[in-house]
Amino acid sequence: MTNLLKQNIQKHINLSDTEMDQFCNLFKIKKIKKKKFLLQKGEICKFEGFVNKGLFQVYHIDKKGVKQVLHFAIEDWWITDIDSFTNQKPSGLFIEALEDSEILVISNADKEFAYENLPQVEKLFRIMTQKSHVALLRRMIDNLSKTADQRYIDFIEKYPELHRRLTNVQVAAYLGISHEFLSKIRRKITKCQKNKL
């Protein structure tokens, strides 16, 4: 059950077999059916999670009722509402399963226990926080400096497996464009590819 989690941890830090088991034993497994929520707006996020199987979307609904997808998470990715989890305040986000999914979750108390008893774990979460911050910064810059066409091409090149598992509506919500506009972009790209042949 924790093999994928162990592989992920080993990419970032070195733990002995005993330490690895001690850390992984702090995680609890949750199974979430497709279209069910791991977190809803107004709830306090009580977990940091590692996706063992499946696909999730993290989104916000703006004042006009428009869904804005912040990011997705598939196998071997981590997921949480870091603001709600860290500050123990109500979340403004939804975390929804897009497929039948399985996630390994750790509570704030168990994470603090790991920090105190397994010092390398603090390094693990620091590295992940830095990577997450860099990804967020790059996405903000891309949204400000690239066209929707460029952002779509970047998305399918960077996340080909994820792209295959998403609907056009879901990708459009991530890119911040309408489904209709995404269809135009896809037609334009297909036309350009045909012209090159």
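The chain holds 9 helices and 8 strands; helices (H or I, at least four residues) and strands (E, at least two) are DSSP runs, numbered from the N terminus. The model is predicted: local features need pLDDT of at least 70, side-chain atom pairs count only at pLDDT 80 or more, and totals for chains, interfaces and linings use all residues. Residues are numbered from 1 along each chain as its sequence is written, and side-chain values use heavy atoms, with hydrogens and water left out.

The C-alpha atoms occupy a box of roughly 60 × 40 × 30 Å along the principal axes. Of the 197 residues in the chain, 42% are buried, that is, under 20% relative accessible area with a 1.4 Å probe, counting protein chains only. Among contacts (heavy atoms within 4.5 Å) with a separation of 6 or more, 71% link residues 24 or more positions apart.

Strand 8 spans residues 101-106. It is largely enclosed by the rest of the structure, because 6 of its 6 residues are buried. In a regular strand, side chains alternate between the two faces of the sheet. In strand 8, Ser101, Ile103 and Val105 point one way. Glu102, Leu104 and Ile106 point the other way, and all are buried.

Two strands pair with strand 8; pairing requires at least two DSSP bridges between the strands. Strand 1 (residues 28-32) runs antiparallel to strand 8 and is joined to it by 5 bridges. Here Lys30 has Ile103 as its bridge partner. Strand 3 (residues 48-53) is also antiparallel to strand 8, again with 5 bridges. In this pairing, Val51 stands opposite Ile103.

Technical notes. Buried < 20%, exposed > 50% of the residue type's maximum accessible area, 1.4 Å probe, protein only.
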